[in-house]
Amino acid sequence: MRSATPWSDVIAYLVEATGETLYMVGVSTVIATLLGVPVGVWLQLTAKGGLRPNAAVHRILSFVTDLGRSMPFIVLLVALTSVTRLIVGGSIGSTAVIVPLAVGAIPFVGRLVQNILSEVHVTVVEAAITTGASTLKIVKSVLIRESLPALINAIGVTVIALIGYSAMAGVIGGGGLGDLAIREGYQRFNDRILWSTVAWLAVLTTVIQLGFTRAARAFDRRRHASV
């Protein structure tokens with residue numbers, strides 16, 4: 001009968017895998033935010049009733065965004081193998097997984113941002129227009145500023161989603177907690193590692209979500225104004 005893996009080894013595995021997961025998710029979140037937020041802003045600006053309505057541009061952006069969101073991550077992971085190899089020099093490992101993670105998250109962030117910006121009260125935007133503010137200034141000083149708490153929560157939702165996506169990458173040896181659960185836990189019939197990883201993923205996502213929720217509350221000007 002095979003002896004159980006010592007808890008000290010389980011913890012060591014979890015620490016290493018957690019570092020890989022946070023690396024993958026952290027870098028891909030930054031990339032997705034830097035590229036996804038502008039996509040969301042353009043979706044809102046070009047929508048009907050936006051500051052720069054343009055039906056043709058909006059339809060194209062919406063189509064590309066929805067196409068990206070509808071793509072299952074495991075399919076995207078395989079489809080971008082050649083692109084990933086070209087960019088990072090390989091298709092396996094934590095660094096390689098960042099490419100499909102970021103590509104998959106950009107349209108996700110873009111649509112979240114558009115939905116959030118569309119909730120900004122029209123009177124606030126109209127007040128900024130009457131002052132002669134430029135479109136860029138309205139975006140920065142009104143849309144983004146008024147929506148900041150919701151945007152922070154949206155990034156938190158994205159991080160949680162990316163943790164789930166990164167776990168899927170373990171199927172092809174992407175590293176991180178998903179790889180640990182599949183390779184060391186499931187494939188080697190090691191229940192201690194498997195269920196410890198599952199439990200730690202639950203704890204990790206809960207802590208991260210709590211952190212983003214607290215950050216959003218800290219930036220909520222309306223909440224502070226009502227206190």
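Author: What follows is a short exchange about this predicted model.

Reader: How many aromatic pairs are there?

Author: The count comes to 1 aromatic pair. Phe73 and Tyr165 form this pair, and their rings are stacked, at 5.0 Å centre to centre with 10 degrees between the planes.

Reader: Which helices do Phe73 and Tyr165 lie in?

Author: Phe73 is in helix H3 (residues 73-79) and Tyr165 is in helix H7 (residues 135-168), so the pair ties together parts that are 92 residues apart in sequence.

Reader: And is Phe73 buried or exposed?

Author: Phe73 counts as buried, because its relative accessibility is 5% and the cut-off for buried is under 20%. Tyr165 has 25% relative accessibility and therefore counts as partly exposed.

Reader: Surface next. Which residues form the nonpolar patch?

Author: The patch is made of Tyr23, Val27, Val30, Ile31, Leu34 and Leu35. Together these residues have about 510 Å² of accessible area.

Reader: Take Val30. Where is its place?

Author: Val30 is in helix H1. With a relative accessibility of 47%, Val30 counts as partly exposed.

Reader: Where does Ser3 lie?

Author: Ser3 is in the segment before helix H1 (7-46). Ser3 counts as exposed, because its relative accessibility is 61%.

Reader: How far apart are Ser3 and Leu43?

Author: From C-alpha to C-alpha, Ser3 and Leu43 are 56 Å apart in space, and they are 40 residues apart in sequence.

Reader: Over to the record. Which residues does the UniProt annotation "transmembrane region" cover?

Author: The unreviewed UniProt entry puts that annotation on residues 22-45, 57-80, 86-109, 150-173 and 193-213.

Reader: What does the chain look like over residues 57-80?

Author: Residues 57-80 are 88% helix and 0% strand, with the end C-alpha atoms 26 Å apart.

Reader: And what about residues 150-173?

Author: There the chain is 79% helix and 0% strand, and 35 Å separates the end C-alpha atoms of residues 150-173.

Reader: Which residues does UniProt list for the domain?

Author: UniProt lists residues 18-216 for "domain: ABC transmembrane type-1", again from an unreviewed entry. Over residues 18-216 the model is 82% helix and 0% strand, and the end C-alpha atoms are 25 Å apart.

How values were computed:
Residues are numbered from 1 along each chain as its sequence is written. This is a predicted model: local features need pLDDT of at least 70, side-chain atom pairs count only at pLDDT 80 or more; totals for chains, interfaces and linings use all residues. Side-chain values use heavy atoms; hydrogens and water are left out. Helices (H or I, at least four residues) and strands (E, at least two) are DSSP runs, numbered from the N terminus. Buried means under 20% relative accessible area, exposed over 50%, partly exposed in between (1.4 Å probe, protein chains only). Rings of Phe, Tyr and Trp (its six-membered ring) pair if their centres lie within 6.5 Å; planes under 30 degrees apart count as stacked, over 60 as edge-to-face and the rest as tilted. Patches are made of residues with over 30% relative accessible area and no salt bridge: like charges are joined within 9 Å, nonpolar side chains (Val, Leu, Ile, Met, Phe, Trp, Tyr) within 5 Å. Accessible areas come from the Shrake-Rupley method with a 1.4 Å probe; for residues, only the protein chains shown count as cover. A salt bridge is a side-chain nitrogen of Lys or Arg within 4 Å of a carboxyl oxygen of Asp or Glu. UniProt positions are given in the numbering used here, feature names are shortened, and annotations may be inferred rather than shown by experiment.
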